[in-house]
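Subject: Structure for you to look at

Hello,

Here is the structure I promised. Please open it and keep it beside this email while you read.

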Amino acid sequence: MRSERPLRTAVRTVVVLALLLGWSAATGPAARAGERAGQQAAVAVRGGDTLYSTGGRCTVGFNARSGSAPYALVPGRCAQGARTWYADAALTVGVGVTAGVSFPGNDYASVRYTDTAVAYPGEVSLGAGAGTRDITSAANPVVGQSICHVGRTTGHRCGTVQAVNVTVNYGGGTVYGLFRSTICSEPGDTGGPAFSGGTALGIIVGSSGNCSSGGFTYYQPVTEWLSAYGLSVY
C-alpha cells in the first residue's frame, strides 16, 4: 500500500490491517554544495523512522546490509509502485531506491540506500525521548517469547509471541508464515520493528482490534526476509 490506508482482511476471522533541511545565505555553488553535504551528514535513518516516496511513506523496520552496502527493510505492500525514497516529506534528501518487493505470498521489500552522506545506524528508535535499541542479531519467533514493537501511532509496547506460521488473506492476496503477538497496534503502525532484546524478530504488517479495547498484531518474520535478499542486521 502506498499510504497506510486501513484494509480489511481475514485470518479465519476478519482482521483490520494495521497498517525533515534548508540552506543559509552562503552564496556560490561550492558553498551551497558544502552546506547540503553538512545537512545530509546530520541525517540518520534508523529502524522505526519514515521513508517517503512520491506516492506515500513507509516505516523502516530494520536496517540491514549486504557486505558494506546498507539496506532498509519495509513492508512489501507499502513499497509497491515506489522507486525512489527520501528521508524527508518534502522529498529533498534522496536516500535510496527499491531493490526488491515480495507480495503477495510474503509481505516484505528492501530499499538500497544510495546516499553515503546519510547515516544508517543498525538500531531502532523507541520513539520521541525514549532513546534507541541496538539490534545485533535476528531470529525466528517462538511461542511464549517476550517481544516489543514500536509503531508510529501507538509507540513502544511489549507482550508475548502468541502464534507462528499464521496465514492471512488480505483480500488483495494471501500471505503465509506470519506470526502474531499479544501487543495491540493501530493504523499507522505498519512497518514498525518488533524485537526481543537486541534480536530482530519481525515487522508489523497487520492487526486486529485496537489499543483501547484490546487487540493483537501480525508480523512478517525477518529471518526469511534477510535470507531472501542476502542481508544481515548489524
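Below are my notes on the disulfides.

This is a predicted model, in which local features need pLDDT of at least 70, side-chain atom pairs count only at pLDDT 80 or more, and totals for chains, interfaces and linings use all residues. Residues are numbered from 1 along each chain as its sequence is written, and side-chain values use heavy atoms, with hydrogens and water left out.

The structure has three disulfides (a disulfide is a pair of cysteine sulfur atoms within 2.5 Å). Number the bonded cysteines in sequence order and the pairing reads 1-2, 3-4, 5-6.

Start with Cys58 and Cys78. Their sulfur atoms are 2.0 Å apart. The link is left-handed, with -115° about the S-S bond. Cys58 sits in strand β4 (residues 56-59) and Cys78 in helix α2 (residues 76-79), so the pair ties together parts 20 residues apart in sequence. Helices (H or I, at least four residues) and strands (E, at least two) are DSSP runs, numbered from the N terminus. Cys58 is buried at 0% relative accessibility, and Cys78 is buried at 3%. Buried means under 20% relative accessible area, exposed over 50%, and partly exposed in between (1.4 Å probe, protein chains only).

Next, Cys148 and Cys158. The torsion about their S-S bond is about 100°, so this disulfide is right-handed. Cys148 is in strand β13 (residues 146-151) and Cys158 in strand β14 (residues 155-169). Cys148 is buried at 16%, whereas Cys158 is partly exposed at 47%.

Last, Cys184 and Cys211. Their torsion is about 105°, so the disulfide is right-handed. The two cysteines lie in loops, 27 residues apart.

Best wishes
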